[in-house]
Amino acid sequence: METQTQTIKKKAVKTTERMTGAEAVIRCLLAEGVDLIYGYPGGAIMPVYDELYKYQDQLHHVLTRHEQGATHAAQGYARTSGKVGVAIATSGPGATNLVTGIADAQIDSTPMVCITGQVGSHLLGSDAFQETDIIGISTPVTKWNHQVTKAEDIPTVLAKAFYIARSGRPGPVLIDITKDAQFGALDFRYSKCKGVRSYKPVPDTDPKSLAAAAELINKAKKPMIVFGQGVILGEAEQELKNFIEKSGIPSAWTILGLSALPTAHPLNVGMVGMHGNYGPNKLTNECDLLLAIGMRFDDRVTGNLETYAKQAKVVHFEIDPAEVDKNVKADVAVMGNVKDTLTQLSPLIQPNSHESWLKEFKDYDVVEYDKVIKDELFPPKEGLSMGEVLRGINEETKGDAVIVSDVGQHQMIACRYAEFTQSKSNVTSGGLGTMGFALPAAIGAKMGAPDREVVAIIGDGGYQMTIQELGTIFQTGVPVKIVVLNNDFLGMVRQWQQLFFDKRYASTEMVNPDFIKIAEGYHIKSTKVTEREQLKGAIAEMIASDKPYFLEVCVEKENNVFPMIPTGASVSDIRLE
């Protein structure tokens, strides 16, 4: 008869399996629910790729044309799917090419796990071929990083990596694995990480802070909300909507907060920041209570901190203690995931409407429409505007599309004029402002939300920074729609040169290639629009296509994006022209 000890031993045998470190990497990814990764092979990561070959039916690998493209694609995937994006690369230049995307993910709080190969552990520090200290390089731009030199450490380290990347305020994690650790053997057993000593991803919420916030809200005559991406990351869209509708508080958004609340919602008063809407910027310095929900008061939102909302009480809803009082002093800090804190706060507030206060926002909207928006969406002259392109896309997609924008004037136009009916619809590089982001990010965004239309809005400058990812689109067939707004300039820099440097257009005029021929070289359907009468039909054809599509629209060379807050100025100094 079998003894209890023999039974326990049998169970232990069944829970472990002998394999290489490289295979363990793949098995860890599968255990975390990963089914899609982006990457580029090379010598130091080749053992992992060899094992990946055996698991192709379970783990789909997308071969990007550059490692930076892999990170941006992983970001786009994470932003639309809500899952952790995964990118993989070799050592040396492969690893360093990931750094821009990692830094972008760090400042925009995007959950991502990057895995890099490394030279053998006996060669570390010897300046071996394709050796770089990627741990030292990436430390400032990762939420956590770690180098693995022993095969048996791989399961524990990767479990910790995924836990850290997705928990609390999300962010990128980099795991560097030496080649001998990939070849080495281990008894594989995987347990998901449920906690890390000294790391508390979600701080406790103090009931006193909720009571203090409710008291301020109930007394306020001119309250205003500014919400950010923390609402989307916390999956708190419905809680925000319920809170706003009960309190009647006018609500503005940061660029990364866009789409958390439908753009047509009656209490959605627009975008704050350098190229935001006139009303919410002006009235920031007139409100008596400012509720900051899941946003970090970055400089593009606040302008001159010495003059920012000094008349207002500030309540900051935040998951990351490091952000509280960093830029703007909070009178009340409500710590925790906003999904939980808004749920707890809503019963404590009194129903309200603030109709006269909301009218002040609407009055500013009329001024902005007459001075800026009307001519941007319905230009009175022959040349095409960027705004009318967005208007045409809105008409075709009915606000249901994911808009992925690059960085520059077109990004500000996209954020100002795109219409959204659902969350996770605006994918852009916010804090780092990475040109070249949109094309690879759109690939990932479409793979993360395959049932949604994904439209990339890109300038002619940023497009050429990652144009090689057209090869990824060609190889995968992913049906992204690419719109290049071509003004033959680095438009945002040119605007600043016009306004603040006496039109000295130093190194901003572009001599561009034939974008249509390039797209056709990748067998991507292409159309070029130069006249207004061509635009509506071209957009309709693009959206109707079930294949990748490239649309180049030649827009006015010297159109500027307004409103605009000059650098270092107060939000009250926002200019309409």
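I began with the second largest pocket, whose lining has 10 nonpolar, 5 polar and 6 charged residues by class. For the classes I count Ala, Val, Leu, Ile, Met, Phe, Trp, Tyr, Cys and Pro as nonpolar, Asp, Glu, Lys and Arg as charged, and the others, Gly among them, as polar.

Before going on, I note that this is a predicted model, where local features need pLDDT of at least 70, side-chain atom pairs count only at pLDDT 80 or more, and totals for chains, interfaces and linings use all residues. Residues are numbered from 1 along each chain as its sequence is written, and side-chain values use heavy atoms, with hydrogens and water left out.

**Pocket.** I found about 560 Å³ of space in the second largest pocket. Of its 21 lining residues, Asn277, Ile373, Arg416, Tyr417 and Glu419 are the closest to the centre. Two or more lining residues come from each of β11 (268-271), α16 (355-377), α17 (386-397) and α18 (409-417). α16 gives the most, with 5 residues. My helices (H or I, at least four residues) and strands (E, at least two) are DSSP runs, numbered from the N terminus.

My terms: on a 1 Å grid over the protein atoms alone, a cavity is a set of points where a 1.4 Å probe fits but cannot get out, a pocket is an open set with protein on both sides within 12 Å along at least five of seven lines, and lining residues have an atom within 4 Å of a point. Grid points are joined across faces, edges and corners, and a volume is the space filled by probe spheres set on the points.

**Cavity.** I searched the whole structure and got 1 cavity of 30 Å³ or more. The largest cavity has a volume of about 50 Å³. Around it I listed Ile217, Asn218, Ser247, Ile249, Gln350, Asn352 and His354, a lining of 2 nonpolar, 5 polar and no charged residues.

**α12 and α15.** Helix α12 (residues 237-247) packs on helix α15 (residues 338-345) at about 30 degrees, axes 9 Å apart. So α12 is roughly parallel to α15 (angles under 35 degrees count as such). Glu239, Leu240 and Phe243 of α12 touch Lys339, Leu342, Thr343 and Leu345 of α15, with contact meaning heavy atoms within 4.5 Å.

**α4 and α19.** Here the axes of α4 (residues 67-81) and α19 (residues 438-448) come within 6 Å and cross at roughly 35 degrees. I sorted this contact into 6 nonpolar, 7 polar and no charged residues. Axes are lines fitted to C-alpha atoms, for helices over the stretch in contact, with angles from 0 to 180 degrees between N-to-C directions.

Definitions and conventions: Parallel < 35°, antiparallel > 145°, perpendicular 65-115°, else oblique.
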